[in-house]
Amino acid sequence: MSDELVEYACGEQIATITLNRPDKLNAVNDDMVRQIAAALRRFDTDDDARIAILCGRGRAFSTGADVRQRQMRSREEFERYGGAQAPDASSHDLLLRSVNWKPVMAAVHGYVLGLALGLMLECDLIVAEEGTKFQVTETPRGLSGAKYWALLNFRGGGAFATDVALTGRFFTAEEARAANVIERVAPESELMPTARALAAEVANNPPLGVRSTVRARRYQLEQLSRDVLLQVNLAKLHLSEDFAESARAFAEKRPAGPFKGRCMLDPDRPDGVRLSVTEAHALGEAALRRIGYPADEATIVTDQMIDNALCGYRFASLPRILAIAADEKTGKPRSPMRIVRETPVSAMVDGGNKLGYVAAYRGAEIAIAKAKASGIAIVGVHNSYYSGRNAYYVERIVREGLVAIHTASARPHVLPPGGRRPALGTNPFSIGFPSANGPVIYDIGSASLMWGEVLLMARLGQMLPEGVGFDADGNPTRDARAVAQDGGVTAFGGHKGYGLSFAIQALGLLAGAEAQGYGFLFIAVDPAILLPDFPARMAELVARIKATPRQPGVDAIRIPSERAFREREQRRVEGIVLDRKVVEALNAL
């Protein structure tokens, strides 16, 4: 037996593709999917093979997906992948990638569960050993059994298909044969001889006629799969609390439940702590008070951090207190903020080495007052640091009926193209507009990753995405801790993001910052000085964009800030999930 997860052999015009992970009952992980795909490609181009038999070594054909790898992924991976399957390891279309349309037969025994059931049902012919047990495991695990229901129906399952898809019960090869779902039931120990005999019957026919039939069948199968997945993917059940509970229960070898029948934005997880908004606020304020912030400033800072968490920006929430506590500026003397230069439409503000969450907050208040009085305002804030999420301040300004632009330059964390050392800040930019239906906010960082994300991943021991991080010597690395130690990240979008970052750094100078330092610039405009009915026109623009005809599989055209605002209200009810390590570190300050 080889060390390969999938073996390929060919003889007498019949290829045999064998799942070879018997110690795990051929549970399918990402590597196995990739090797199945490679074996099918090899079969497709093998001139000596006219038909393939897909089978499994050991006590089972396959018990389905490897739960520990595929269903215990982090929420970030589920969101990035759109489900449990990695983009380059999807089993959804393994048989639909063919170019020569040769038939594939499944020869199954023992157990055929979940993902393996789907793979079997997509095969052109099925032979099962007597007593083989099948199950739509997705149903009891909180996922949709719709794909399996559709495939069983495609094979003629009818009411039987609905029964096993909705109950998630085990069913036998004999039941499947009676329901016309499989072609043959082989006596015990006669599975492969039976399968090879049927394969030989197919292989003895002129190949082009056989392939024409296979091609037509798979065309119908592909249309069916697309329609079903379009409906299933919209539900995003892989993000539901019930799915997370089922996966944990399987890994912990205990009964699953109770099930709550709801899809929470942030499922409970062993390394997380769920807090109400009030509890999270108290945790943040107490930590800030312990490192020397007065009550009013602690409230201002925590208000924003909690709002960041509610809007789905985990890295910009309470973990930032840990970075604040470690920053050298936090230990230096602070003085009252003061306006050092002012006109009716402008103000230059010395932040007094106060935290940016406080200094930028006051700067936004000044911009609001001046724009309401004069129709337009520009305010710069310097001698400060760490201002948080730009959208928070922009939304405050927009809710006063004003158009807002806000940029924030920072100390170097971003390498210019070709550079070995950071020279620019992560330098976010935000712009917001009032509309008749509420604020519309666009907020973007000019770095490939915001620095708060890097610090949080370093604290949690997580790896960065490929190609964005550099260590202190300018060498590429995925090690977040190495990047956090005097390294840096790239700008997003190559030279375009770099150009935007450069411009924001320059605007920091206009706000009074040092050449490579923190500078917060606010521009606020009363739209009535140009267009009194601007909010109505803005609402019309949003409506027209959202009415754009959609591509297949797209449930809605989204507008900037729409997701954040929707999730904010949901998390107010569900609470905020923080990393347990972060909560412990905050309590230890």
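Which residues are buried in helix 16?

## An enclosed helix

In this predicted model, the buried residues of helix 16 are W451, G452, V454, L456, M457, A458 and L460. Because 7 of the 10 residues of this helix, which spans residues 451–460, are buried, helix 16 is largely enclosed by the rest of the structure.

The cover over these buried residues is drawn from several elements, including helix 13 (319–326), helix 17 (480–484) and strand 19 (488–490). Strand 21 (576–579) and helix 21 (580–588) also belong to what covers them. Just after the end of helix 16 comes G461, whose phi is positive, at about 70°.

## A nonpolar patch on the surface

On the surface, V345, I376, I529 and L530 form a nonpolar patch, and together these residues have about 380 Å² of accessible area. One of them, I529, is located in the loop that runs between strand 20 (519–525) and helix 19 (534–546). I529 has a relative accessibility of 49% and therefore counts as partly exposed, since the exposed class begins over 50%.

## Aromatic pairs

A search of the whole structure finds 8 aromatic pairs. Among them is the pair of Y111 and F170, which is edge-to-face, with 6.4 Å from centre to centre and 70° between the planes. Because Y111 lies in strand 5 (residues 111–113) while F170 lies in the loop between helix 6 (159–167) and strand 8 (171–172), this pair ties together parts that are 59 residues apart in sequence. Both partners are partly exposed, Y111 with a relative accessible area of 33% and F170 with one of 41%.

Another pair, formed by F433 and F534, is tilted, with 6.3 Å between the centres and 40° between the planes. This pair links distant parts of the chain, given that F433 sits in strand 16 (residues 429–433) and F534 in helix 19, 101 residues apart. F433 is partly exposed, with a relative accessible area of 24%, whereas F534, at 18% relative accessibility, counts as buried, because the buried class covers values under 20%.

Ring pairs also join F134, F160 and F171 into a cluster.

## Charged side chains over rings

Aromatic rings also meet charged side chains in this model, as with Y293, over whose ring the charged end of R334 sits, 4.4 Å from the ring centre. In a further case, K102 lies over the face of F43, at 5.1 Å from the centre of that ring.

Note on methods. Residues numbered from 1 in each chain as written. Predicted model: local features only at pLDDT ≥ 70, side-chain atom pairs only at ≥ 80, totals over all residues. Heavy atoms only, no water. Buried < 20%, exposed > 50% of the residue type's maximum accessible area, 1.4 Å probe, protein only. Helix = DSSP H or I, 4+ residues; strand = E, 2+ residues; numbered from the N terminus. Contact = heavy atoms within 4.5 Å. Patch = residues over 30% accessible without salt bridge, like charges linked within 9 Å, V, L, I, M, F, W, Y side chains within 5 Å. Areas by Shrake-Rupley, 256 points an atom, 1.4 Å probe, with all protein chains shown as cover. Salt bridge = Lys/Arg side-chain N within 4 Å of Asp/Glu carboxyl O. Phe/Tyr/Trp six-rings, centres within 6.5 Å; stacked < 30°, edge-to-face > 60°. Lys NZ or Arg CZ within 6 Å of the ring centre and 35° of its normal.
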